[in-house]
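I am keeping these entries as I go through the two chains, noting what I looked up and what the coordinates gave back.

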2 protein chains.
Amino acid sequence: MNKNLTSRSEDYSKWYNELVIKADLAENSIVRGCMVIKPYGYAIWEKMQAELDKMFKETGHQNAYFPLFVPKSLFEAEEKNAKGFAKECAIVTHYRLKNDPENEGKLIVDPESKLEEELIVRPTSEAIIWHTFKGWIQSYRDLPLLINQWANVVRWEMRTRLFLRTTEFLWQEGHTAHETREEAMIEAELMNNVYAEFAENFMAMPVIKGLKTESERFAGAEETFCIEALMQDGKALQAGTSHYLGQNFAKAFDVKFTNKEGKQDYVWATSWGVSTRLIGALIMTHSDDKGLVLPPNLAPNQVVIVPIYKNDEQFEAVSKVANTIMNDLKLKGVSVKFDNRTAFRPGAKFAQHELQGVPLRIAIGPKDLENGTVELARRDTLTKEVVALESLVDKVVNLMTEIQNNIFSKALSFRNSHITKVNTLEEFKDVLKNKTGFISAHWDGTNETEAKIKEITKATIRCIPVDNIAEDGKCIYSGNPSKQRVLFAKAY
Amino acid sequence: MNKNLTSRSEDYSKWYNELVIKADLAENSIVRGCMVIKPYGYAIWEKMQAELDKMFKETGHQNAYFPLFVPKSLFEAEEKNAKGFAKECAIVTHYRLKNDPENEGKLIVDPESKLEEELIVRPTSEAIIWHTFKGWIQSYRDLPLLINQWANVVRWEMRTRLFLRTTEFLWQEGHTAHETREEAMIEAELMNNVYAEFAENFMAMPVIKGLKTESERFAGAEETFCIEALMQDGKALQAGTSHYLGQNFAKAFDVKFTNKEGKQDYVWATSWGVSTRLIGALIMTHSDDKGLVLPPNLAPNQVVIVPIYKNDEQFEAVSKVANTIMNDLKLKGVSVKFDNRTAFRPGAKFAQHELQGVPLRIAIGPKDLENGTVELARRDTLTKEVVALESLVDKVVNLMTEIQNNIFSKALSFRNSHITKVNTLEEFKDVLKNKTGFISAHWDGTNETEAKIKEITKATIRCIPVDNIAEDGKCIYSGNPSKQRVLFAKAY
C-alpha cells in the first residue's frame, strides 16, 4: 500500500492528500467541499474531543447546544462579525420540496415554502449565542458564564483540503461572559494555554503561544491569542485561537448585568475554538514517507498484535498468547487490537498498520511460542526487537511514554531549527526560499508594512509570541524603529 | 420555584412545558422550532450518549461522520425515502450574503450565488451514507459494515415541543450493511434490544419491544422494530426504532458486493436511531409535581451537598466535612456537587435541587458536626433521615442502586397497570377515555381497519410485541378473525 505513497520531498501536498485517503482517515464527499470522516479518522477526533472536553470541564466550563441556524438579522446586529464571516455561507431560503409535476420521480423546491427571513447555517455561533445569553444574564450572580459547544459549522470555502479547510467541519466553540475586563482577558489566555497544553502533551506537537496582529485577528475580537505550529514543509499552521472580545458582542446584543455595586454594565466576553483541522496538523507534524505516525496519547489503537501462523493449530496457539497479552495490556490502560482477520496475510497487515501509524506492533509466530518471545516494532523509529514475554507488558507501558516523548522531541528539534532570526528583507526572502519555517524579524507595528511584506513574500505575521523579549531594532521593511521581533511564516 | 409549577393533574402538557424551562433543561430559541439545550439538559444528553456509545462499540460498531447536506438528486434516487421524509426540510439554495446597497447595515442574499443543485439539510442520512457506502463495499471482506453517526438533523415540523418534537434535534443514526438477509435482521433486532436495555437500565423506563405495522414503518424499511414507553398521562411514546431495510437502499444506490462464492449481490441493510426525544421521555416517566426525578444512572449530579451555616467559621467547619464526604464518594464512583454558593440560602438551594431532580441531597449544619451526622433526603420518595457520618458512604452507594430500582419499579407498576385487554370497540373507547394507557386488542391485520380505528379513536397501533402469544380472536372493529392481540394507544 505505502509503496504507492508519494514521498514528502517529491510533493508534500500530494503526499498529504494521498496519505489522508490511504490511511482511511477521510474522503471527499459528493457535496462540494464537505468531507466524510471515516471511522479511523473519527476515532482520532473522539480521542481529541475526550481530552479537550475533560480539560474544559476541569477549568469550570459546561457544554450546551445552540441552533444550527442563525436568522439573517442576527448577523446584521453584529456588524463586525457579519463583515468578517457571514458573506460566504450556506443560506436556507425554503422549507419544502414537492414532486415535480412535469418530471416524474423528480423533486423541486416548493416556491410557496419561501421563508420570511433567510436562515444562515452557522459559520460560528457568536450571534445566536449572544442573543441567547441576553436571557441568561441579569446579575453578577449569573457570572462568569462559561459555555462550550461541540458542533458542526459551515463556511463556503472556495478551495478546500481534507481536514485543513472544508466547507463543513467539526469543532468546539467556547463562549464566556465575565464581570470585568481583566477576568475576560485571563480567560482568553487561559484557554489558549489549555490548547497549547493539549497540542504538546497529546498531539506531541510543539506550539508557539502568541497574539495576532490587528489585521489577523478574528472580526469582532479586541485581542486574539493563538497557538502556531510548524509543519514538516516549513509552513506554519494556526492550530487554535482564543479571543478576548471586550464588550463588542455584549453591546451588539444588549447583554447587561447588575454588578455588585448595583450598577448596570455590559459583560466582557471571550470565544475560543479548535476544529478537525487539528487532525491535519497532527498528520503533517509527525508522519513520514511510509505513512502516519501517531502519538500514543491519541492513537485509536496504541498497540496491534499480528499473529503469524501456517495452520489452524498454530493460529490457536498464537491467539491464546495474544489474548493474554491483550488482557494484561488493557489492565495497564493500553489500548490493543488483536488483528486476527483471516482474510489478510501478515505482510498486508504490517503494511496497513504502518500506513495507519499504530505506535507499536507485536508479531507472534510459532518460533516465538517456542522461545517465549515476541517481536516488537516501533512505528516512530521503525526499529524492531525481540522481547521476552515476561518483560513485555512493562516494556510496552514504558514505550508508550517513550514514543510520545520521542516524537515530540523530534518535532521540537525540527521546529526550533526552523526559527531563523533575520535583520534584512533580503535575508528574509532567502530564508523563505531556501530554508522555510518561522522567521523572527523586527516589524514597525503598522498594518501597511505587514500588508506590504505579505504582498512581496506571501509570508504573514503568525504571532507576536507571548514570551517575547523586548529588543530594539529596525523594521526589515520600513527601517523604522521596532521594540520587538515577531514571527513570520508562510502558512496553511 | 416549584410552587409555581403547574400540577400534572391540572394540566399535564403545561406541567411538562414549565418543568423543562424551570429545571433549566432547554428553552425555545429565536429560530422557529429549534431549541437551546441548556447545560443541565445537555449534561443528561452527554450521560445518555456515553452509555449508548459504549454499548454500540461493545456490539462492534464504529463512529464516523457524514456531510450535513444531501444533494437533492440523492433523495430522488431513493424514492421511498424521499416520499417519507424529504418534503418538509430546510433547503439551502444560495451560498453568499452581500451588503444591501439600498439599506446601510443590512444584508441580502446574493442572487449570483444560487446553487446549481439545492442542498437539503439532512432529515436523516440514509441517502448520503448509502451513496458513500458504494465506495466502501466491494467484497464480503468489507462486510459487515457497522457504522454509527452522532449528529444533528432537521425536519421542518409544524408543531414543536421542547425535546419531544423540534425542528433541529440531536441523535445517533446507525447504518449497517450485511452479507445476508438473516444477518441484517439479527442486527436490527439486536440494536432494538440495546435500546431496550439502555431504556430500562439507565433511564429506568420500562419499554415494550415490538414491531411496527406496515403503515407505521419508516419509509423504505421492510420491518421496523421499536421500543414503546408509557408516559404518566397514559400516552405512549416511541423511544427508539431499528429498521431492517432489506436491499432497498442497496438497490437505490447500487451497492453490490462479491460474495464468498464469487457472485455479485446487493447488500442487506439496517438503520436505527434514538434522539434527544429520550430526554422528554425521561422527564415524563418519573417526574412529579415538585419537579424532575432523575435516575442515578443518568443524573448529572447524583448527590448534592448543601452546607447550613450562620457565619464564616461554621461555613469552614461544614465545608471541611463536606469535602471529605465528596472525596470519599468520588472514590466510590458517585458524582457529587458541593453547592457552596454563598449568594443563595439553603432553602433556595433545596428548592432548586428538588426541581432539578438530584437523586440525593446531603445537608450538613453545625448540629450535625456536633453529632457526627448528616441529613439525607431522597428525591424519589421525598423522605429524610439522619445518618451517622461513618456509615454515610456505604449508605449512599447502596441508595444509588436502590433509587434506580425504585423508580424503575414504580414506572413498571404504572405501565403494567395500564395495559388493558379489551374485546370490543366500546370497551376500547371506554379505556381510552377513562383509563388511558396501552390497550391490548385483536386486529384483523389490515391497513384499512388500522386507519379506521385511528380515525374514530385517535389511537394507533404502537406495536406488535415481539414476545406476543398466539391467541385466536376477533378484530374489535371488523369482527374478522385475528391470530394475536396488538397494542394500541394514543401517542406522542
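**Positive phi away from glycine**

I began with Phe163(A), which I found in the loop between strand 8 and strand 9 (168-178) of chain A; helices (H or I, at least four residues) and strands (E, at least two) are DSSP runs, numbered from the N terminus. The model is a predicted one, in which local features need pLDDT of at least 70, side-chain atom pairs count only at pLDDT 80 or more, and totals for chains, interfaces and linings use all residues. Residues are numbered from 1 along each chain as its sequence is written, while chains are lettered from A and ligands numbered from 1 in the order in which they are written.

Phi of Phe163(A) came out near 70 degrees, a positive value in a residue other than glycine.

Thr436(A) sits in the loop between helix 13 (425-434) and strand 22 (438-442) of chain A, and it counts as buried with 20 C-beta neighbours inside 10 Å.

**Cis peptides**

I looked at the bond joining Leu143(A) and Pro144(A), which is a cis peptide bond with omega of about -5 degrees. Pro144(A) belongs to the loop between helix 5 (126-136) and strand 8 (145-154) of chain A. In chain B, the peptide bond from Leu143(B) to Pro144(B) is cis, with omega near -5 degrees, and Pro144(B) lies in the loop between helix 5 and strand 8 (145-154) of chain B.

I also checked helix 5 (residues 126-136) of chain B, which is mostly covered, with eight of its 11 residues buried; among them are Trp130(B), His131(B) and Phe133(B).

**Helix 2 of chain A**

I compared the length of helix 2 (residues 39-58) of chain A with expectation: at 1.5 Å a residue its 20 residues should span 28 Å, and its end C-alpha atoms are 28 Å apart, which agrees. The expected span is 1.5 Å times one less than the number of residues.

Which residues of helix 2 of chain A are buried? I listed Gly41(A), Tyr42(A), Ile44(A), Trp45(A), Met48(A), Leu52(A) and Phe56(A). They cover an arc of only 150 degrees around the axis, which puts them on the same side of helix 2 of chain A; the arc is that of the directions from the helix axis to the C-beta atoms. On the other side of this helix, Ala50(A), Lys54(A) and Glu58(A) are exposed.

**Chain A as a whole**

I counted 14 helices and 26 strands in chain A, whose C-alpha trace spans about 80 × 70 × 55 Å along its principal axes. Buried residues make up 48% of the 492 residues in chain A.

**How the two chains relate**

I laid chain B on chain A, which gave an RMSD of 0.0 Å by a turn of 180 degrees and a shift of 0.0 Å along the axis; the copies are superposed by least squares on the C-alpha atoms of residues with pLDDT of at least 70 in both. That is the relation of a two-fold axis. In chain B, the C-alpha nearest the axis is that of Val92(B), 2.1 Å from it. The same surface serves both copies, as 100% of the contact residues of chain B recur in chain A; two residues are in contact if their C-beta atoms, placed from the backbone, lie within 7 Å.

I then went through the contact itself, which takes 53 residues from chain B and 53 residues from chain A. On the side of chain B that touches chain A, strand 5 (residues 88-99) of chain B gives the largest share, 11 residues. By class, that side of chain B has 31 nonpolar, nine polar and 13 charged residues; Ala, Val, Leu, Ile, Met, Phe, Trp, Tyr, Cys and Pro count as nonpolar, Asp, Glu, Lys and Arg as charged, and the others, Gly among them, as polar.

Note on methods:
Buried ≥ 20, exposed ≤ 12 C-beta atoms within 10 Å, placed from the backbone.
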